[in-house]
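The sequence and structure come first.

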Amino acid sequence: MLVDKYPDNAFAHRMLAEIYEKEGGMRKAIDEYVKAVDLNKKDYNSYYKISFLLNELGKKEDATVMLNNLLSKKPDYIDASILLGDIYCSQEMYKEALNVYTMGLKHSPNSYDLYYNMGMVYTMLNDFQSAKICYEKAATINSLAYHAYYALGQINLIEMDLDEAEKYFNKCLEDKEQEPDAYYKLGKIYMLRGDHDNAVNFVNLAIELDKNYIKIANQEPIFIPVKSRFQMPIIDEEDIKPRKTSHTKKEKKAMEHLDKTYGVVGNMNLHKLKPGKIKDRERER
């Protein structure tokens with residue numbers, strides 16, 4: 001084994017650590033990464049790997065200490081900033097996460113990941129204006145950032161800016177993963193406009209792509225006037241399984257938060273505004 005032949009070689013220990021990691025031996029991998037760092041204090045990649053594996057093992061406090069130390073030595077290590085922010089978010093320490101992302105942007109001002117993550121943090125803090133700025137910046141950096149477009153659509157729907165919401169949800173139709181969700185949200189927009197025919201068409205498209213929307217649409221108060229027009233194929237509920245997506249836990253949490261916020265704010269606005277008044281307000285803009 002290479003490490004037996006060269007016990008004082010940092011590269012050899014790192015290679016062994018990578019082998020252990022691939023085999024699932026995380027603790028052994030950590031031990032070897034630690035040896036690599038001891039032999040080479042500037043082996044920041046191994047330092048990051050230790051932090052990553054500690055977090056995977058549930059040792060968040062240890063990982064946090066390691067990442068803060070790493071960023072004090074190499075503040076432009078963006079992956080470390082993102083991981084540290086993730087850990088803070090998992091503990092609902094959103095202000096701490098914002099500080100980490102803000103510092104990261106000083107070294108990487110065109111990072112899509114940093115802006116997108118900041119958008120999610122501001123979302124959880126209910127600072128939707130700041131969230132919009134971050135999501136828009138992320139979408140500018142990456143024109144295929146459909147998750148950012150979807151978040152922007154959700155925020156504009158909460159704010160009853162239907163034209164802007166429609167624009168962003170239409171962009172999401174270019175992404176197969178977001179397509180059924182975007183169709184469903186477009187259905188809501190057309191209900192708010194009083195255009196029941198288009199609303200039904202969009203919801204039926206969502207149901208066609210994701211049968212979960214059968215139950216979701218039936219439980220949505222805004223669709224009560226048109227429920228009888230939805231496509232309702234006879235399917236055993238046990239056969240309807242959640243759609244697999246690439247959303248991270250943090251993304252799912254932010255999306256659920258926006259949905260819950262719309263459930264409160266959107267329904268309040270719905271009682272205050274009739275569809276015709278919504279149309280008039282849009283014309284005034």
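A residue counts as exposed when its relative accessible area is over 50%, as buried when under 20%, and as partly exposed in between. The model discussed here is predicted. The protein chain has 16 helices and zero strands.

**Whole chain**
- The protein chain has 285 residues, and 48% of them count as buried.
- Its accessible surface comes to about 15300 Å², and carbon and sulfur atoms account for 50% of that area.
- Taking contacts between residues at least 6 apart in sequence, 54% join residues at least 24 apart.

**Helices α6 and α7**
- The axes of α6 and α7 come within 8 Å and cross at roughly 170°.
- An angle over 145 degrees counts as roughly antiparallel, and α6 is therefore roughly antiparallel to α7.
- On the α6 side the contact is made by Ile78, Ser81, Ile82, Leu84, Gly85, Asp86, Tyr88 and Cys89.
- On the α7 side it is made by Tyr94, Glu96, Ala97, Val100, Tyr101 and Gly104.
- By class, the contact of α6 with α7 has nine nonpolar, three polar and two charged residues.

**Helices α7 and α8**
- Helix α7 spans residues 94-107 and helix α8 spans residues 112-124; their axes come within 10 Å and cross at roughly 155°.
- The two helices, α7 and α8, are therefore roughly antiparallel to each other.
- The crossing in which α7 passes α8 is left-handed.
- From α7, the contact involves Tyr94, Ala97, Leu98, Tyr101, Thr102, Gly104 and Leu105.
- From α8, the contact involves Leu114, Tyr115, Asn117, Met118, Val121, Tyr122 and Met124.
- The residues of this contact of α7 with α8 divide into 11 nonpolar, three polar and no charged.

**Loop residues with positive phi**
- Most residues other than glycine have a negative phi.
- Glu92 is not a glycine, yet its phi is positive, near 60°.
- Glu92 is found in the loop between α6 (78-90) and α7.
- The relative accessible area of Glu92 is 52%, so Glu92 is exposed.
- Asn126 also is not a glycine and has a positive phi, of about 65°.
- The loop between α8 and α9 (128-141) holds Asn126.
- Asn126 has 45% relative accessibility and so counts as partly exposed.

Note on methods: Residues are numbered from 1 along each chain as its sequence is written. This is a predicted model: local features need pLDDT of at least 70, side-chain atom pairs count only at pLDDT 80 or more; totals for chains, interfaces and linings use all residues. Side-chain values use heavy atoms; hydrogens and water are left out. Axes are lines fitted to C-alpha atoms, for helices over the stretch in contact, and angles run from 0 to 180 degrees between N-to-C directions. Helices (H or I, at least four residues) and strands (E, at least two) are DSSP runs, numbered from the N terminus. Angles under 35 degrees count as roughly parallel, over 145 as roughly antiparallel, 65 to 115 as roughly perpendicular and the rest as oblique. A crossing is left-handed if the near helix is turned anticlockwise from the far one by less than a right angle, and right-handed if clockwise. Contact means heavy atoms within 4.5 Å. Ala, Val, Leu, Ile, Met, Phe, Trp, Tyr, Cys and Pro count as nonpolar, Asp, Glu, Lys and Arg as charged, and the others, Gly among them, as polar. Buried means under 20% relative accessible area, exposed over 50%, partly exposed in between (1.4 Å probe, protein chains only). Accessible areas come from the Shrake-Rupley method with a 1.4 Å probe; for residues, only the protein chains shown count as cover.
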